[in-house]
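Subject: Structure handover

Hello,

Here is the structure you asked to take over. Please open it first, then read the notes below.

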Amino acid sequence: MAPAQSALSADQEQRADKLAHGLRCLVCQNQTLAESNAPLAQDMRKLIRGQLADGKTDAQIMRFFEDRYGDFVRYDPPFKPITWLLWVGPFALLALGFLVLVRTLQRRAGARAPLTADERERAARFLDSGS
């Protein structure tokens, strides 16, 4: 943990807020550290403030959390081979769904072949019979 924290300057407070908005709460996972009230998020915000008080740069602080928790801790993971699925996955699933929809509609359209002469005659007799 960080040593006893002194008050941060206004600039450091802004940096702490920006960093807390850029990191994911590992408990909630759909919230940033700034939004979460989970005890772990509170501890992580204290770590950010302590590191800022120690003079660390934003990049050093982000690297600290990435080294400790992996790229997942970032609310917007970097675009690199290990995170490609996170970035491309939703679009690939959307394209796959669209392809399935198009093929299904094509099959249904192909299944509606015109009636043969015999089928038309039977349909006409059925309709004429008054049913």
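Start with Asp-76, which is partly exposed, with a relative accessible area of 43%. Bear in mind throughout that this is a predicted model.

Asp-76 sits in the loop between H3 and helix H4 (84-111). Asp-76 touches Gly-22 and Trp-87, leaving aside residues up to four places away in sequence. From Asp-76 to Leu-86 is 10 residues in sequence and 9.8 Å in space, C-alpha to C-alpha.

**The core**

Next, the nonpolar core. In soluble globular proteins, nonpolar side chains tend to be buried together. The largest nonpolar core here has 17 residues. Leu-19, Leu-23, Leu-33, Ile-48, Leu-52, Ile-61 and Phe-65 have the most contacts inside it. Three helices each supply at least two residues of this core: H1 (10-22), H2 (39-53) and H3 (58-69). Which of them gives the most? H2 does, with five residues.

Take Leu-52 as a place to look. Not counting residues up to four places away in sequence, Leu-52 touches Leu-8, Gln-12, Arg-15, Ala-16, Leu-19, Asp-58 and Ile-61.

**How the helices pack**

Two packed helices are described by the angle between their axes and the distance between the axes.

H2 and H3: their axes come within 10 Å and cross at roughly 140°. The two helices are therefore oblique to each other. The crossing of H2 and H3 is right-handed. On the H2 side, the contact uses Leu-40, Met-44, Leu-47, Ile-48, Gln-51 and Leu-52. On the H3 side, the partners are Asp-58, Ile-61, Phe-64, Phe-65, Arg-68 and Tyr-69. By class, this contact of H2 with H3 has nine nonpolar residues, one polar and two charged.

H1 and H2: these pack at an angle of about 140°, with their axes 10 Å apart. That makes H1 oblique to H2. The crossing of H1 and H2 is right-handed. H1 brings Gln-12, Glu-13, Arg-15, Ala-16, Leu-19 and Ala-20 to the contact. H2 brings Arg-45, Ile-48, Arg-49, Leu-52 and Ala-53. The residues of this contact of H1 with H2 are six nonpolar, one polar and four charged.

H1 and H3: the angle is about 35°, and the axes are 11 Å apart. H1 passes H3 in a right-handed crossing. Arg-15, Leu-19 and Gly-22 of H1 meet Asp-58, Ile-61 and Met-62 of H3. This contact of H1 with H3 splits into three nonpolar residues, one polar and two charged.

Ser-36 is found in the loop between H1 and H2. Is Ser-36 buried or exposed? Ser-36 has a relative accessible area of 1%, so it is buried. The cut-off for buried is under 20%. Ser-36 touches Cys-25, Cys-28, Gln-31, Ala-41 and Arg-45, again without residues up to four places away in sequence.

Thr-32 lies in the loop between H1 and H2. Thr-32 is buried too, because its relative accessible area is 4%. Its contacts are Ala-20, His-21, Leu-23, Arg-24, Cys-25 and Tyr-75, not counting residues up to four places away in sequence.

Asn-30 is also in the loop between H1 and H2. Asn-30 counts as exposed, at 57% relative accessibility. How far apart in space are Asn-30 and Gly-55, C-alpha to C-alpha? They are 29 Å apart in space, and 25 residues apart in sequence.

**The loop between H2 and H3**

Last, Lys-56. This residue lies in the loop between H2 and H3. Lys-56 counts as partly exposed, at 35% relative accessibility. Lys-56 touches Arg-15, Gln-51 and Ile-61, not counting residues up to four places away in sequence. Lys-56 and Met-44 are 12 residues apart in sequence and 15 Å apart in space, C-alpha to C-alpha.

Best wishes

Technical notes. Residues are numbered from 1 along each chain as its sequence is written. This is a predicted model: local features need pLDDT of at least 70, side-chain atom pairs count only at pLDDT 80 or more; totals for chains, interfaces and linings use all residues. Side-chain values use heavy atoms; hydrogens and water are left out. A nonpolar core is a set of buried Ala, Val, Leu, Ile, Met, Phe, Trp, Tyr and Cys residues joined through side-chain atoms within 4.5 Å. Buried means under 20% relative accessible area, exposed over 50%, partly exposed in between (1.4 Å probe, protein chains only). Helices (H or I, at least four residues) and strands (E, at least two) are DSSP runs, numbered from the N terminus. Contact means heavy atoms within 4.5 Å. Axes are lines fitted to C-alpha atoms, for helices over the stretch in contact, and angles run from 0 to 180 degrees between N-to-C directions. Angles under 35 degrees count as roughly parallel, over 145 as roughly antiparallel, 65 to 115 as roughly perpendicular and the rest as oblique. A crossing is left-handed if the near helix is turned anticlockwise from the far one by less than a right angle, and right-handed if clockwise. Ala, Val, Leu, Ile, Met, Phe, Trp, Tyr, Cys and Pro count as nonpolar, Asp, Glu, Lys and Arg as charged, and the others, Gly among them, as polar.
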